[in-house]
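User: I have a new structure open in my viewer. Please go through it with me, one question at a time.

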Amino acid sequence: MSGAGKLVCVTGASGFIASWLVKLLLQRGYTVKASVRDPADPRKTEHLRALEGANERLHLFKANLLEEGSFDAEISGCDGVFHTASPFYHSVTDPQAELIDPAVKGTLNVLNSCSKSSSTVKRVVVTSSMAAVSYNERPRNPDVTVDETWFSNPDLCKEKKVWYVLSKTLAEEAAWKFAKDHDIDLVTINPAMVIGPLLQPTLNTSNEAVLKLIDGSSSFPNVTFGWVDVKDVAEAHILAFENPSASGRYCLVERVLHFSQLAKLIKELYPSIQVPEKAAGDEPFIPTYHVSKEKVKGLGISYRPFEESLKETIESLKEKGFAKL
């Protein structure tokens, strides 16, 4: 129970990664202050209140990413802060309002509250993304290994109109600058597409990518992503807080797969499921690449095999009623 007697804050606690983070923190004995947009909405809170230890050590509060000072009271007195709150959507009508402002201003508001409580807050762990790492002019192919020294290029993001990637890139840039200016001990966790069992009742964007392959779709996207299990991501956050030598950024990718390979794996695991056999469009497949696992090994993370994560994801999608198989 390494967290016994320690108080931490988790922002955006009702989300996919954050729900697992809260669950593991409670299991380790931490007392958790958790922000949600609407504590009165059972779809945001029931799955959190049901967690083991929640009655005794989970305190939910309302906070708005865009409201300055919104996190002051909750972060006050905390030993550590996990900032996970950031919207993740692919299709938006107003990227600035829907993605960029909540990501960038939200991160700065949370860090500002942390700086006001610098006497107690030992470390801040921010949930960033591989989106903030690998989107630049450098080639990605089977001979290339991406690592923590890579940074996405905001100008390229704007040119290609990849607004989620831009939001995570700008938010991480802002976080590092603020941390340096205000002497905050900051660590970022940079996962790729995160899959695994859902604790929350709503469907998150990364698991939706798997669902689209098993719901009768006629084609798969010609896209290559890194993939990682939500439990490994949640555990990495905690280890990044607990390990005194943790520093900088941590890329979290168990495997890089093209959607054609993902569909093939699903077919091997579930021969009865009809998966699409062709890509949308006739362009050559986007190549795969590698992501270094060296730095994250130092945290003590040993990745769950992707096949196990994929199977748990599909079983969870069935159990929650999203997959009608």
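User: Where is the place of Met130, and is it buried or exposed?
Analyst: In this predicted model (local features need pLDDT of at least 70, side-chain atom pairs 80 or more, while totals for chains, interfaces and linings use all residues), Met130 is in the loop between strands S5 and S6 (145-146). Helices (H or I, at least four residues) and strands (E, at least two) are DSSP runs, numbered from the N terminus. Buried means under 20% relative accessible area, exposed over 50% and partly exposed in between (1.4 Å probe, protein chains only). At 6% relative accessibility, Met130 therefore counts as buried.

User: What distance separates the C-alpha atoms of Met130 and Ala179?
Analyst: Residues are numbered from 1 along each chain as its sequence is written, and side-chain values use heavy atoms, leaving out hydrogens and water. Met130 and Ala179 are 49 residues apart along the chain, and the separation of their C-alpha atoms is 20 Å.

User: Which loop residues have a positive phi although they are not glycines, and are they buried or exposed?
Analyst: Lys161, in the loop between helix H6 (154-160) and H7, has a positive phi of about 60°. Asp183 lies in the loop between H7 and strand S7 (186-191), with a positive phi of about 55°. The relative accessible area is 57% for Lys161, so Lys161 is exposed. Asp183 has a relative accessible area of 72%, so Asp183 is also exposed.

User: Why does the span of helix H1 agree with its number of residues?
Analyst: H1 covers residues 16-27, which makes twelve residues. The expected span of a helix is 1.5 Å times one less than its number of residues. That rule gives 16 Å for H1, and the agreement holds because its end C-alpha atoms are apart by 17 Å.

User: How many of the twelve residues of H1 are buried, and what phi does Gly29 take?
Analyst: H1 is mostly covered, with ten of its twelve residues buried. Among them are Phe16, Trp20, Leu21 and Leu24. Just after H1, Gly29 takes a positive phi of about 95°.

User: Which way do the residues of strand S2 point, and how many of its six residues are buried?
Analyst: Thr31, Lys33 and Ser35 point one way from S2, and Val32, Ala34 and Val36 the other way. S2 runs over residues 31-36, and the number of its residues that are buried is six.

User: In what sense do S1 and S2 pair, and what is the hand of the crossover between them?
Analyst: Two strands pair if DSSP finds at least two bridges between them, and S1 (residues 7-11) pairs with S2 in the parallel sense over four bridges. A crossover is right-handed if, with the strands pointing away from the viewer, the path from the first strand over the helix to the second runs clockwise. The chain crosses from S1 through H1 to S2, and this β-α-β crossover is right-handed.

User: Which residue of S3 stands opposite Ser35?
Analyst: S2 and S3 (residues 58-62) run parallel and are joined by five bridges. Within S3, the residue opposite Ser35 is Phe61.

User: Which residue in S5 is the bridge partner of His83?
Analyst: His83 belongs to S4 (residues 80-83), where both faces are covered: Gly80 and Phe82 on one side, Val81 and His83 on the other, are all buried. Four bridges join S4 to S1 in parallel, and His83 stands opposite Thr11. S4 also pairs with S5 in the parallel sense over four bridges. The partner of His83 in S5 is Val126.

User: How far apart are the C-alpha atoms of Ile266 and Glu74?
Analyst: Ile266 is found in helix H10 (residues 259-269) and is buried, with a relative accessible area of 0%. Along the chain, Ile266 and Glu74 are 192 residues apart, and the separation of their C-alpha atoms is 43 Å.
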